[in-house]
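I opened a new notebook page for this structure. These are my entries, in the order I looked things up.

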Amino acid sequence: MLRKSIVFSRGFFTCSCLLERIKQTENEIVQMFRLGTPRDETPSDFRNRGTMRKNNSTSRELDERFIRILKIFKWGPDAEKALEVLKLKVDHRLVREVLKVDVEINVKMHFFRWAGKRRNFEHDCTTYMTLIHCLEIEGLVGGMWKMIQEMVKSSCAIGPSDLSEIVRILGRSKMVNKALSVFYQIKNRKCKPTAGTYNSIILMLMQEGHHEKVHEIYNEMCREGDCFPDTVTYSALISAFAKLNRDDSAIRLFEEMKENGLYPTAKIYTTLLSIFFKQGMVEKALGLVQEMKNTGCALTVYTYTEIVRGLGAAGRVEEAYSVFLNMLNDGCKPDVVLLNNVINFLGRGDRIADAIKLFEGMESLNCTPNVVTYNTIIKALFKSKAPVSEIMLWYEKMKASGVSPSDYTYSILIDGFCKKNSLEKALLMLEEMDEKGFPPCPAAYCSLINSLGRSKRYDAAHELFQELKENCGSSSARVYAVMIKHFGKCGRLKEALDLFEEMKRLGCHPDVYAYNALMSGMVRAGMADEAQSLLRTMEENGCVPDLNSHNIILNGLARTSGPQRATEMFTKMKNSKMKPDAVSYNTLLGCLSRAGMFEEAARLMKEMRSNGFEYDLITYSSILEAVGKVDEDLKIAAS
């Protein structure tokens, strides 16, 4: 029994004799891994197969026995002996095949180094590139970069396609500067780049957001003399210029490629469409669509998305919807992005019923509503003044369908409930948002603080403001502006000033809204001169005043300094780029009326109407009140 247990049990021994390497001949090593001879095959068959292998050595595959040795013994004396016994010649093909074997990367590296030291053998570009790919797959970026450097410094020839691949590999590893460095090293010493090589550089730069560098590479490409941009080049360049908002350059390149006999792709046309729609050139965009059809360039789902988005943004809802229906009739399958855009413009165009109908038909179009779809519907429901109960039903439907609300979902709900004066629901949504682990959303807090301020719950608004600061460590300029505005409205100007100074101290630069909020508070407190001084400070700090900024100061001067200074301010506005609007005219009209300057007021009213403005009911009432007061004073004087 004892012997039997010893035979059938396995254990780990530390006996020194068992740790020593067993002496084996080369043939014994190979014999250990020799494949069994099939019954229907004779030794002569093996000889014949060996002859076939010799006659067709270029098509041989790596011997399976050697692979088994390599996997068990790794790379070392045993594997080296097996290679010699099997008479496998060390050439570029063998090295590539060994590097493709599924073994540890260190084994591949050791073999690669060993092969490189063999007599009459030198690594070429194919063996280097095979190892570089292995290192990339293993995520060994440092080793990969060293191997690329070694290849560049070696004497092996590197062709344009290899250079393109090196650029792509380094681009995938986010090593943009190193890719450019290798490109110039190889370009100057070993290889003349082709259009494909330049395209690899341009596409890499595009992928990593280096749009400015793209134009520089393009100019360099053109200077080559015999290296001409192709459709891929133009596509990348036009896309880069569009992202940089250099629309004129993108359009010029589009025309240039057509002049050079190249046909724009659907992607290029789509990029140009987005530019024309963004510039408000709707007819030109539609002309481009017709050009696509005339040249036989099929409209893709991305092209249709750009068309319906552009027409919808231009308020041409019927045309946008018609394009969508034509797309379906033409057999182009929509995706969820396109459908979200259609739902969006239908909602904005007060066609909420059509938007909901399309939502309900999404499954039949093989599209599943996502969080953007639900957000768009909910936002459209708020716009259409749908009851809170209906909006909540959609919110519950969203969660029931397995779509998780995003921070933007909560922001829409909070803002919408605030506008509906459903403050409690908005606060509950803020609490739920916090429970779900979303970071504090300044836009949501801004809506709540504003609503609390409008409800004259100033302390509650300030408490929420402080909560946002504690949770985020800071606050946005817009949230500061809202809090400053409400402190100014309730007469707490000192606290408004303190907040303004605090935001500057914390590095949160005041924007036009923050300046306007503080100036408005100063005007309410009768500090028109201080408000005007702040306007000058605002301009000096590089913050451009808007029309509201000037109207705030005009209102302050009209109330505290009389018609002369108000008229001067108004005249200054007329002579500047910031032309007066209806608010400006009504402010000065009220000031002139209160001062009893009815002839001047009448002239101003005539000017107002000639400029297409109407005086409002408040101003008209103040004029009548002022006229009545003058009549009463005249009667008293006459008596």
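**Entry 1: aromatic rings**

I started with a cluster in which ring pairs link Phe 183, Tyr 184 and Tyr 198. I kept in mind that this is a predicted model. I then looked up the total, and the structure holds 16 aromatic pairs.

How are the rings of Phe 183 and Tyr 184 set against each other? Their planes stand at 70°, and their centres are 5.2 Å apart. Edge-to-face pairs need planes over 60 degrees apart, so I noted this pair as edge-to-face. I checked accessibility next. Phe 183 is buried, at 0% relative accessibility. Tyr 184 has 24%, which counts as partly exposed.

I went on to a second pair, made by Phe 359 and Trp 394. This pair is also edge-to-face, with 75° between the planes and 4.9 Å from centre to centre. Which helices hold the two residues? Phe 359 sits in helix H22 (residues 352–360), and Trp 394 sits in helix H24 (residues 388–400). The pair therefore ties together parts that are 35 residues apart in sequence. Phe 359 has a relative accessible area of 6%, so I marked Phe 359 as buried. Trp 394 is buried as well, at 8% relative accessibility.

**Entry 2: the whole chain**

I stepped back to the overall make-up. How many helices and strands does the protein have? I found 37 helices and zero strands. The protein has 639 residues, and buried residues make up 44% of them.

I took the contacts between residues at least 6 apart in sequence. Of these, 61% join residues at least 24 apart.

**Entry 3: confidence**

The pLDDT of the protein averages 83, and 83% of the residues score at least 70. Which elements have the lowest and the highest mean pLDDT? Helix H2 (residues 16–19) has the lowest, at 36. Helix H23 (residues 371–383) has the highest, at 96. I flagged residues 1–60, where the pLDDT is below 50. Beyond near neighbours in sequence, that stretch has 36 contacts in the model.

**Entry 4: H7 against H9**

I turned to helix packing. Helix H7 (residues 92–99) packs with helix H9 (residues 125–137) at an angle of about 5°. Their axes are 9 Å apart. Angles under 35 degrees count as roughly parallel, so H7 is roughly parallel to H9.

Which residues make the contact? From H7 I listed His 92, Val 95, Arg 96 and Leu 99. From H9 I listed Thr 126, Thr 127, Thr 130, Leu 131 and Cys 134. I sorted the residues of this contact by class: four are nonpolar, four are polar and one is charged.

**Entry 5: H27 against H29**

I then looked up helix H27 (residues 442–454) and helix H29 (residues 477–489). They pack at about 5°, with axes 9 Å apart. H27 and H29 are therefore roughly parallel to each other.

The H27 side of the contact is Pro 442, Cys 446, Ile 449, Asn 450, Gly 453 and Arg 454. The H29 side is Arg 478, Val 479, Val 482, Met 483, Lys 485 and His 486. I sorted this contact of H27 with H29 too, and found six nonpolar, three polar and three charged residues.

**Entry 6: loops**

Most residues other than glycine have a negative phi. I looked up two with a positive value. Phi of Lys 385 is near 60°. Lys 385 lies in the loop between H23 and H24. Is Lys 385 buried or exposed? Lys 385 is exposed, at 70% relative accessibility.

Asn 421 has a phi near 60° too. Asn 421 is in the loop between helix H25 (407–419) and helix H26 (423–435). Its relative accessible area is 62%, so Asn 421 is exposed.

Pro 334 is buried, with a relative accessible area of 10%. What does Pro 334 touch, leaving aside its neighbours within four places in sequence? I noted contacts with Val 301, Met 327, Leu 328, Leu 339, Leu 365 and Cys 367. I also noted the separation of 8.9 Å between the C-alpha atoms of Pro 334 and Phe 324. These two are 10 residues apart along the chain.

Technical notes. Residues are numbered from 1 along each chain as its sequence is written. This is a predicted model: local features need pLDDT of at least 70, side-chain atom pairs count only at pLDDT 80 or more; totals for chains, interfaces and linings use all residues. Side-chain values use heavy atoms; hydrogens and water are left out. Axes are lines fitted to C-alpha atoms, for helices over the stretch in contact, and angles run from 0 to 180 degrees between N-to-C directions. Helices (H or I, at least four residues) and strands (E, at least two) are DSSP runs, numbered from the N terminus. Angles under 35 degrees count as roughly parallel, over 145 as roughly antiparallel, 65 to 115 as roughly perpendicular and the rest as oblique. Contact means heavy atoms within 4.5 Å. Ala, Val, Leu, Ile, Met, Phe, Trp, Tyr, Cys and Pro count as nonpolar, Asp, Glu, Lys and Arg as charged, and the others, Gly among them, as polar. pLDDT is the predictor's confidence in each residue, from 0 to 100. Rings of Phe, Tyr and Trp (its six-membered ring) pair if their centres lie within 6.5 Å; planes under 30 degrees apart count as stacked, over 60 as edge-to-face and the rest as tilted. Buried means under 20% relative accessible area, exposed over 50%, partly exposed in between (1.4 Å probe, protein chains only).
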